[in-house]
Amino acid sequence: MRAALGLGGRLLRAGGRRGLLSAGLTAVAVTVCTALLLFAVSANVAFAGRGDREAWRNPVPAKGRAVAVQAVHVDYVRDRRITVVELAALEPGAPPPPGLDRFPAPGEVWLSPALAELADELPADQLADRFAGRRGGTVGDEALVHPGELVAVRGWAPDSPVPAGKGADEPRGEVASTRISDFAGEPTPDAQGYRILALIASVLMAVPLLVFGGAAARLTVARRDQRLAALRLVGATPGQVVAMTAAEAVITAFAGAVAGTLLYVLLIPALTGIEIAGGSWFAADLWPGVPYTLAVLAAVPLLVGLSAVIGLRRVVVGPLGVAKRETPPGMRFVRVAVLLAVLAVVPTLSVGSGGGVIAVVLGLAFLSINLAGPWVVGLIGRITAGTARGPVRLLAGRRLVDDPRAAWRTVSGVALTGFVAGFVVLLNPSADLLGEADASRLRVSIPAARADAVAAEARERLAAAGVRAGTEVTGGGGEGGGKVLVVALGVREAGAPGKAEAGEKAGQGEKTDARVDAPVDAPVDAPVDAALVDRARTALDGLVPGRRATSTADDDRFGRLLIGDIGTGTIVVLTVSFLVAVVSAGITAVSSVLDRRQTYALLRLAGTPLKVLDRARRAETLIPLAVMGGGSIAVGLFCALPFAITGLDAGGLATLLACVLLGFAGVVGAGAVSAPVLRSVTENPAPRPD
Amino acid sequence: MTSVVLEGYGLTKRFGPATALAGVGLAIGRGEAVAIMGPSGSGKSTLLHCLAGIMKPDEGEVRLLGQRVDTMGERERSALRRTRFGFVFQFGQLLPELPADENVALPLMLGGVSRRDAVRRAREWFGPLGLGGMEERRPGELSGGQAQRVAIARALVTRPAVVFADEPTGALDQTTGHDTMRLLVEATRGGDASLVVVTHDPQVARWCDRTVEVRDGRIMAGVDA
């Protein structure tokens, strides 16, 4: 075995310029595969890291002795979410929370770097006044979900009403005061939801990657099979041939995997800019860690080696196996039957189906497209050749019939991306679903017993802050049978001073003549901008301990964020798929030219114009691409139908069209890269020196 | 000699420091079959490539029916090779994915003939060349001799002025090689074309009207059959 491995290595080194070129193509393919695979793995690690760093803000009630009381509130500034953690130590020596070097003392406020910067930047009555108190320090990165996260930690005395207050039906992200024994916490449901989405995205990225990696390995073997058949003829055993092939593929793939890891590391700074769940990433988030990196470095070469060995079966079975070019046996229809069977199951699924079932059906649909692809390509080839009138379509059609698997390898990346695109665009909910968000009406839950007094105080605070608003106390909606104070911003009472008279500057966030006793249903006639809303929020801060003024826009904020994130995730997945598809198409095209260099050279020698050869090559890619790309999009749309919330909207249609255009442009561009190779192999068709 | 179809004067071709052809001159008459013989590295294939417009000589001239070939651009030479010349090689010239009749029809289709007419005209060559019933077979389903006969049909289907054959029997056994040469010479003459064969096999050269021997890039002798 060692001798075989050594010979494999020597064959690789001694392969000459052409051998090195083919090995280089495989290495490039593996480099791209590895970098993208590491990205897919890192996405999961990164979301897990975010979940872990956020867990301390989702406290678990103490089972034994409690050392502190913790509550979490959510506030907003400039449409950005602020997480406010209220802490009170129940005994001296309580452990500090993550990101703080000591437990915050009563009256102390610790701000995250981004929040501290914003508090300094905005007028105090829009933000900083909400966090009045002694600055204790800066919340460290280990306590933040993302670098730009707005987090405040406030220290309270144990008997203070804020951490001791108890609420029900806490809004998303808020936690009622909880007695805790440590800051371990547990990941929030939102964090777990994002992890599941990341896993689905990884699967969608990984399947084309594996198909591409396998294709690259088999292409390398295709160029070597003649030489390895010769080795069989001189008496090499199947085991030796397999070992030599595997050694050559594994050595090449390992070099590619190392290069891919380096490439990924270089890409990390750019990747941190992808905003998901409200923010970008720490560079450390996107480093998958040594164990996962080593696992990828080991798994990729092994998979490539395995794929190469599978591709060599024909040579191993018989020494003459690759020499004869006979009419290929037709693909069996069972390939399509499998796809149809899987598609028959799809209509039985619904949003209520288990996640596992949906994932299995989705995966099977994905794989069965890959199974049916070569059969359909063969059919397209027969139709193309049968109806061809000129040499270009005849050559393209016959080539498709001759080796539908090879033709499928060229277009499979784009076709599978078409499936992903079709699937996700229909599932991509539009922000229109959430309706018009109204940020001009703030609501505060107030205790029913003190409703009038609290409303009066609110009016005073708003007046003092120069915020013109109508106020109204409504019954219900507040927890515990409480009431809700509704504050309509920008509302002018009949007869109150108009804009001109009052020198209205509310739009600029400056104090104006304020009338605060207008009815809430009076027409809004002053501009309500983010500065005014923040001034009102700041004015109402602490009106009711532990309660924040929120709008319906705030209620929708997570939904909008999630919709935006699904959109971002879709773009990331499609970008990765397209990268794979285009690189795959380029490498396959170059390999195809190298494989057939003798035929091309002789055709050229006999006077065949280069243009005809080039057009035939393009046709043998674009014809199946058009059919399979369209078919895959249709299958993706079909698979998404049971889960679709709405029909295909303008945004989804635009995404689909962009996918189709990018796919064609990418494959045509990748094919153009191989044109110089074709010119090169046909340039001197008479290489014999005698 | 009958009227000259193809002629080369003072052909010189160098590959780096090595001189493959050193001032060679050769004329091919209409319907004439000429064998170019010589040991490996003597320059015989280079001579064929210069005469066929595959390669431009560094010095000298090549004329087809009086028209300069060596001064033509690549596109014109390609068109010339496609329409006026035919080629038969040792192996590998058939497209493996096309059936035999479409392999033969391909040069006609490249010249603008419709597929139906091209295939019909291609099939006319199968009977005379002993290939009846093999029209739809692919190259992998043909024997070496049968594949060479398909290649001969392909070389002749455009009714070329000259057919160039480079070691056409090199991959065949002796009996099949003789049959193939007989068919090549007969079919070429039948098509009123000239034949230039590069070989190092005297048995093959014997089928030709004349043999020229090339050594060290020069023509040593001419022998009429």
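This is a predicted model: local features need pLDDT of at least 70, side-chain atom pairs count only at pLDDT 80 or more; totals for chains, interfaces and linings use all residues.

Colleague: In what order do the four strands of the open sheet in chain B lie?

Modeller: As a general idea, strands of a sheet pair through backbone hydrogen bonds, in either a parallel or an antiparallel manner. Here, the order in chain B is S2-S1-S4-S5, and the pairing is antiparallel. Strand S2 (18–29) and strand S5 (67–68) of chain B form the edges, each pairing on one side only.

Colleague: How many bridges join strand S1 of chain B to S2(B)?

Modeller: Strand S1, residues 4–15 of chain B, is joined to S2(B) by nine bridges, and the two run antiparallel.

Colleague: What area do chain A and chain B bury between them?

Modeller: In general, the size of an interface is often expressed as the accessible area lost when the parts come together. In this case chain A and chain B bury about 3000 Å² between them, with 57% of it on carbon and sulfur atoms. Chain A gives 34 residues to the contact and chain B gives 38 residues.

Colleague: How many salt bridges are counted between chain A and chain B?

Modeller: The count is three salt bridges. The side chains of B:Glu102 and A:Arg398 meet in a salt bridge, at 2.6 Å from N to O. On the side of chain A that touches chain B, helix H10 (355–387), helix H11 (391–402) and helix H17 (597–605) of chain A are the elements that give two or more residues. The residues of that side divide into 15 nonpolar, eight polar and eleven charged. Seven residue pairs are in polar contact across the interface of chain A and chain B.

Colleague: Let us turn to A:Gln70, in strand S1 (residues 68–77) of chain A. Is A:Gln70 buried or exposed?

Modeller: A:Gln70 counts as buried because its relative accessible area is 0%, and the cut-off for buried is under 20%.

Colleague: Which residues does A:Gln70 touch, leaving aside those up to four places away in sequence?

Modeller: Among them are A:Trp56, A:Arg57, A:Pro59, A:Val85, A:Leu87, A:Ile180 and A:Phe183. A polar atom of the A:Gln70 side chain lies 2.9 Å from the backbone oxygen of A:Trp56.

Terms used: Residues are numbered from 1 along each chain as its sequence is written. Chains are lettered from A and ligands numbered from 1 in the order in which they are written. Side-chain values use heavy atoms; hydrogens and water are left out. Two strands pair if DSSP finds at least two bridges between them. Contact means heavy atoms within 4.5 Å. Buried area is the accessible area (1.4 Å probe) that two parts lose on being put together, summed over both. A salt bridge is a side-chain nitrogen of Lys or Arg within 4 Å of a carboxyl oxygen of Asp or Glu. A polar contact is a pair of N or O atoms within 3.5 Å; within protein, one must be able to donate a hydrogen and the other to accept it, and residues adjacent in sequence count only if both atoms are side-chain atoms. Ala, Val, Leu, Ile, Met, Phe, Trp, Tyr, Cys and Pro count as nonpolar, Asp, Glu, Lys and Arg as charged, and the others, Gly among them, as polar. Buried means under 20% relative accessible area, exposed over 50%, partly exposed in between (1.4 Å probe, protein chains only).
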